[in-house]
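Visitor: I would like to go through the charged pairs here and hear the reasoning behind each label.

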Amino acid sequence: MSELLTDRIARHIHDKPSSLAVVDRRGAVTYGEFGELVTATTAGMSGMRRVAVLPTSDIGSLVAVTAAMASGIGVVLLHRHLLPEQFARVLSLTRPDVVLAAPNQHARLRRMGADAPTSVDSIQVEGVRTRGAADDDSELLIGITSGTTGEPKLFVRDQRSWARTLDRSDSTFDIRAGDRVATPGALDHTHFLYGALHGLTRGATVDVRPVNSSLPSGATHLYSVPTIAWDVVRSGIGPVPSVREVLSSAARWPSFGRSALQEALPNASIVHFYGASELSFVSFDRGIDPGPGTLFDGVDVEIRDSIVHVRSDMLFDGYLTEDGVAGGPVDGWMTVGDRGRLGSGENRDGGENLERCESLEGRTGSLKGRQLTLLGRDTDILIRAGLNVELAPIETALTAIPGIVEAACVGVPDVRMGEVPAVVIVEGANPPSTAEIWRHLRRELPSPSIPVQILTLEQLPRTPRGKVDRQEIGAIFATVRTAPSTTNQTVSEPLS
């Protein structure tokens, strides 16, 4: 049985109370002080079933999340980009006992529709309460996935799945007691929240400040996404020789980006891992010239009609709906629609268009057979700075504007963000002005879904079967980004 997340942190609170635990912009706390804050907060949460938290990069947010998880209380992880109707939907499904955030986030929560948000600090109560009934099957986290627009999908993770994910982190990544782990992204991103909690389970110091503060302070590890990596490169703060490992997720890095980061962090092993909120860890690679990713221990993969299906003990429970938790793994297998192929190219099922790569635990196999190459999403989703952005709602928002008759959105490469949305439109009679378009989009879409370019065409390119030819649209954007627009094409840039 794997040790639960907060039990791992509690060991360090007991064994090394004077060691530095968390550093934020306002100060720092030792493990002993962190433990006292968690104890006071668990007392304040007594009797609760779920708490909704909009975390920021601060000690109080980490304390609130840790206290809930230690008590067997489910954490509803809110996101700063939620629209009011999405926020209402999340609350109606999860029914939290309280909505928590740092005071500087209360105005944002009220704009979303929260009646009376509570400070993450004010929930603390003096005194000691009996520990809750957290066990392997306790609900640990309800997060929001599948895009920043449209209907929220709420994924449910239990204590067991995160405990076993931590086991893989411990065996794959080199974080030790006394190390200093920088997690500079907002903690409402599960990658950075997990990174901070993972550092605490290892007895490391977790630094949640921005990279220009955390890296020069002796960081040994950096939890990152490509956007932050480019910020490191462009900031000029390097070289930083103390960093031993970069742990990155989200969009794949091009080799030139990894090379630039390696110059800034010359002693770092650059690790990029593939996974998803529903799947947890799947595969990882190291170095500046990545090939296929190596599957994590205990992960099985099948390729069915080019789609990656995953089986492991780290999968989520399912999505929270009005009828309970549904849409989870089927016969132990789950997919999020990514396309891929196994490195072996072996078809073990005799022509059924299925490749399988099984865990090495108790089975035979080869390292080559445990290599996974990803080929992109099978759905209309792009990843912008680590956030899923659905394309269809962007198109819907545009065609709702009088004078726009058609719209098609594609993802275009971006050095810093990975991918960004760009749109082509076809105008009808009385077309809207550029200013009207941008006002409408900013009113209807969260900021990650705002396109970086809008291109006006006489008609949308289509395939021989009549479908929108997104590949051709991508080629058009590649041209207009490097050449002046033609007479029948108008490029509109977002207003600053």
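**Salt bridges and burial**

Guide: In this predicted model, Asp 136 has a relative accessibility of 13% and counts as buried.

Visitor: Why is Asp 136 called buried?

Guide: Buried means under 20% relative accessible area. Asp 136 is at 13%, so the label applies.

Visitor: What makes Asp 136 and Arg 160 a salt bridge?

Guide: The cut-off is a side-chain nitrogen of Lys or Arg within 4 Å of a carboxyl oxygen of Asp or Glu. For this pair the N to O distance is 4.0 Å, so the pair counts. Asp 136 lies in the loop between strand S6 and strand S7, and Arg 160 in helix H6, 24 residues apart.

Visitor: Is Arg 160 buried, partly exposed or exposed, and how do you know?

Guide: Arg 160 has a relative accessible area of 24%.

Visitor: Which label does Asp 158 get, and why?

Guide: Asp 158 is buried, because its 7% is under the 20% limit.

Visitor: What makes Arg 176 and Asp 174 a salt bridge?

Guide: Their closest N and O atoms are 2.9 Å apart, which is within 4 Å, so they qualify. Arg 176, at 46%, is partly exposed, and Asp 174, at 29%, is partly exposed.

Visitor: How many salt bridges does the whole structure have?

Guide: The search finds 23. Arg 8, Asp 167, Asp 170 and Arg 202 are linked in a network of them.

Key:
Residues numbered from 1 in each chain as written. Predicted model: local features only at pLDDT ≥ 70, side-chain atom pairs only at ≥ 80, totals over all residues. Heavy atoms only, no water. Helix = DSSP H or I, 4+ residues; strand = E, 2+ residues; numbered from the N terminus. Buried < 20%, exposed > 50% of the residue type's maximum accessible area, 1.4 Å probe, protein only.
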